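This report concerns a single structure, shown below. It takes up the sheet and the ligand site in turn.

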Amino acid sequence: MAKRALITGITGQDGSYLAEWLLKQGYEVHGLVRRINATGGTHIEGLCKDPEIFNRRLFLHFAELREASALRRVLADVGADEIYHLAAQSHVGLSFDMAEITCEITAMTTLRLLSILRDLPVGTRFFHASSSEAFGRPIASPQDETTPFNPVNPYGCAKAYATNMARVYRENYHFHISNGILYNHESPRRGENFVTRKISRAAAAIKLGLAKDLVIGSIDAQRDWGHAEDFTRGMWLALQQSEPGDYIFATGKLHSVRDILEIAFNTLGLKWQDFVTQDEKFMRPPELGQLLGNPAKAHQVLNWHPEWTFERMIEQMVRSDFNTLSAQKR
Ligand code: GDP
C-alpha cells in the first residue's frame, strides 16, 4: 500500500516541492489548507488541475492552524504515516510587526500538533521545519545541531520554542520526531519580499522596461543560501531513518546580497551598479555573527548532498521571473 503523508503549508514554496517529491516517490499526499477551493495562484495549482493527481493521489483538507479540534479531526481522519509540519509565518521583518501572530502560528501550532501526536497511532513520524533564525546571533560559527539557540527576532524565538518542544516530545514520549534546522532556501517559488526573489524579479522587470531601479537594504548582508528543492528532499530523508534526530540543512557556504546582485543582473547582461540604491527602510538591526550551517551530520547520516549551486539557483530565479513578466507584458 502507498505510504501516506500529510503536509502543513502545502501551498507554499517548500510544501509544493515536497508534495511533488512525495508524489514521485509513490506517496498518497494530503495537505492542510486555509481555503479549500482557493488553490489558484498557489504553487500547487498545477497539481490540483491534474485529474490524474487531484483527489486521486493528492487530497486537501481544510483546517485553521489555530483550531486544535479541527487539526485533531483532520490528523485522525487522514491517518498519515508521515507528517511534515512546514506551515509558519516565516518572514523575519514582518515578525516584528506581528509578533503575537507569529508566535501563535509558528510556536503554538507546533505544540498543538505535537500534543495531537500523543493520540495518533504509535509509529507516526513527524518532521518539524525549524530555522537557522533560532540561532539568531550565533554563539559559534558555523552552527551545528549542538549549537545553543540565541534568537534575535520574534520568528527566531518562535522557532526556538517549537524546536525545543519537538525535542521534549521526542525524548519524553519516544516519538519519531525530527527537526530540520533549515538555512535560507530559495527558488522561483520564493515569496517576493525575500531578498533573492526581490532581486530576481527586479532585474527581470528592469530588463523588460517594466521598472527603472531597485531599492534594497544592506548589500553586505550574508547568508547561507540553498535551494528549496534540495531541502525538501532532506526533509523526506530525515523521516526515512530508523531513528529520529535533528539535522542542519545548509550549504555550508556564505554569500552576500552583493553576490546575488552580480549574478542576477549579469544573467540578463546588466550591471547592477546602474540600477540599485540602498534605503534605511530595508535595513535590519546590525547582524552580529554569521548564520552559516555545518551540514556534516546530514551528509553523513542521510547521505544528503545539495545538487543546486548558488549561481545556478539565482540564474534559475531570474530566468523564471523574466519568462513570467515577459508573458504578462505580452
Ligand atoms: P531572512 O534571512 O529570512 O531574513 O531572509 P531575507 O531574504 O528577508 O533577508 C536576507 C538578508 O538580506 C538579510 O540580512 C536582510 O537584511 C538582507 N537584505 C538586504 N536588503 C534587503 C531587502 O531589500 N529585503 C529583504 N527582505 N532583505 C534584504
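The sections below describe a predicted model.

## Sheet architecture

An open sheet is built from 7 strands in the order S3-S2-S1-S4-S5-S6-S11, with parallel pairing. The edge positions are held by strand S3 (58-62) and S11; each has a single partner strand, so one side of each is left without a neighbour in the sheet. From one strand to the next, the twist averages 20°.

Leu32 has His61 in S3 as its bridge partner. Helix H3 (residues 68-78) packs on the sheet, where the helix touches strand S1 (4-8), S2, S3 and strand S4 (82-85). The direction of H3 makes about 160° with that of S1.

Asn179 is paired with Asp246 of S11 as its bridge partner. Strand S11 (residues 246-249) is covered on both faces: Asp246 and Ile248 are buried on one side, and Tyr247 and Phe249 are buried on the other.

## Ligand surroundings

There are 16 residues around the ligand, of which Asn184, Val195, Lys198, Arg223 and Arg284 come nearest. A nitrogen atom of the ligand lies 3.0 Å from a backbone N or O atom of Asn193. A polar backbone atom of Val195 is 2.8 Å from an oxygen atom of the ligand, and an N or O atom in the side chain of Lys198 is 2.7 Å from an oxygen atom of the ligand. The ligand taken alone exposes 530 Å², and the protein buries 95% of that.

Terms used: Residues numbered from 1 in each chain as written. Predicted model: local features only at pLDDT ≥ 70, side-chain atom pairs only at ≥ 80, totals over all residues. Heavy atoms only, no water. Buried < 20%, exposed > 50% of the residue type's maximum accessible area, 1.4 Å probe, protein only. Helix = DSSP H or I, 4+ residues; strand = E, 2+ residues; numbered from the N terminus. Pairing = 2+ DSSP bridges. Axes fitted to C-alpha atoms, helices over the stretch in contact; angles between N-to-C directions. Contact = heavy atoms within 4.5 Å. Near = heavy atom within 4 Å. Polar contact = N/O pair within 3.5 Å; in protein donor to acceptor, adjacent residues only side chain to side chain. Areas by Shrake-Rupley, 256 points an atom, 1.4 Å probe, with all protein chains shown as cover.
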